[in-house]
Amino acid sequence: MPPAIYSAAVSPFGGVDLNVSGRTHVRACPERTCVGCRKRAAKHELLRVVAGEGGCVPDPRGTLPGRGAYLHPDPNCLDLAVRRRAFPRALKAQGALDPGALREHLGAGAGPADRQSAH
């Protein structure tokens with residue numbers, strides 16, 4: 001009897017994926033949790049933050065050394081994280097961290113309509 005052309009892979013969610021190679025078609029996307037709202041999101045949707053020079057430093061490229069925490073690029077999530085004192089806990093830093101550079105980064109990311117209405 002000839003070998004089977006298709007192989008069946010059982011998904012952990014109960015579905016069955018049939019394909020030629022036995023591999024799934026969808027690539028896994030790394031997920032992280034926002035320290036502000038505590039919701040999970042794809043890593044590329046969140047802003048990485050590291051501790052540096054007494055404050056929180058935005059790391060949009062994700063290349064700065066050290067422990068990182070992730071945050072939605074939304075001022076509401078930043079306010080929640082500051083109120084909950086999430087940055088020192090997530091970054092394992094002693095004392096409070098100044099979110100000034102992070103606020104500037106999020107403010108600079110506002111659209112042109114938002115900047116005009118603020119003036």
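Reply: Arg38 sits in the loop between β3 (31-33) and β4. Strands here are DSSP runs of E with at least two residues, helices are runs of H or I with at least four, and both are numbered from the N terminus. The model is a predicted one: local features need pLDDT of at least 70, side-chain atom pairs count only at pLDDT 80 or more, and totals for chains, interfaces and linings use all residues. Residues are numbered from 1 along each chain as its sequence is written, while side-chain values use heavy atoms, with hydrogens and water left out.

Start with the backbone. Arg38 has a positive phi of about 65°, although it is not a glycine. Arg38 is also exposed, because its relative accessible area is 52%. The classes are: buried under 20% relative accessible area, exposed over 50%, partly exposed in between, with a 1.4 Å probe and protein chains only. The areas come from the Shrake-Rupley method, and for residues only the protein chains shown count as cover.

Now the charge. Arg84 comes from the loop between α1 (75-83) and α2 (86-91). Arg84 is partly exposed, because its relative accessible area is 31%.

Glu31 and Arg40 form a salt bridge, with their closest N and O atoms 3.2 Å apart. The rule is a side-chain nitrogen of Lys or Arg within 4 Å of a carboxyl oxygen of Asp or Glu. Glu31 is partly exposed, because its relative accessibility is 42%. Arg40 is exposed, because its relative accessible area is 54%.

His72 links to this region. His72 belongs to the loop between β7 (68-71) and α1. His72 counts as buried, because its relative accessibility is 19%. Leaving out residues up to four places away in sequence, His72 touches Cys34, Cys37, Lys39, Ala41, Leu46 and Cys77. A contact means heavy atoms within 4.5 Å. Glu45 is partly exposed, because its relative accessible area is 44%. Glu45 and Pro73 are 28 residues apart in sequence, yet their C-alpha atoms are 8.1 Å apart in space.

Further along, the Arg48 and Asp59 side chains meet in a salt bridge at 2.5 Å, N to O. The pair links distant parts of the chain: Arg48 is in β5 (residues 47-52), Asp59 in β6 (residues 55-59), 11 residues apart. Both Arg48 and Asp59 are buried. Pro60 lies in the loop between β6 and β7. Pro60 counts as exposed, because its relative accessibility is 59%. Pro60 and Leu47 are 13 residues apart in sequence and 5.8 Å apart in space, C-alpha to C-alpha. Beyond its neighbours within four places in sequence, Pro60 is in contact with Leu47 and His105.

Asp79 and Arg103 meet in a salt bridge at 3.0 Å, N to O. Asp79 lies in α1 and Arg103 in α3 (residues 100-108), so the pair ties together parts 24 residues apart in sequence. Asp79 is partly exposed, because its relative accessibility is 35%. Arg103 is partly exposed too, because its value is 40%. The salt bridge count comes to three.

Lys92 has a positive phi of about 55° and is not a glycine. Lys92 sits in the loop between α2 and α3. Lys92 is exposed, because its relative accessible area is 61%.

Finally, the whole chain. The protein has four helices and seven strands. Along the sequence the pattern is β-β-β-β-β-β-β-α-α-α-α. Of its 119 residues, 25% count as buried. Among contacts with a separation of 6 or more, 42% join residues 24 or more positions apart. The accessible surface comes to about 8,700 Å², and 54% of that belongs to carbon and sulfur atoms.

Key. Areas by Shrake-Rupley, 256 points an atom, 1.4 Å probe, with all protein chains shown as cover.
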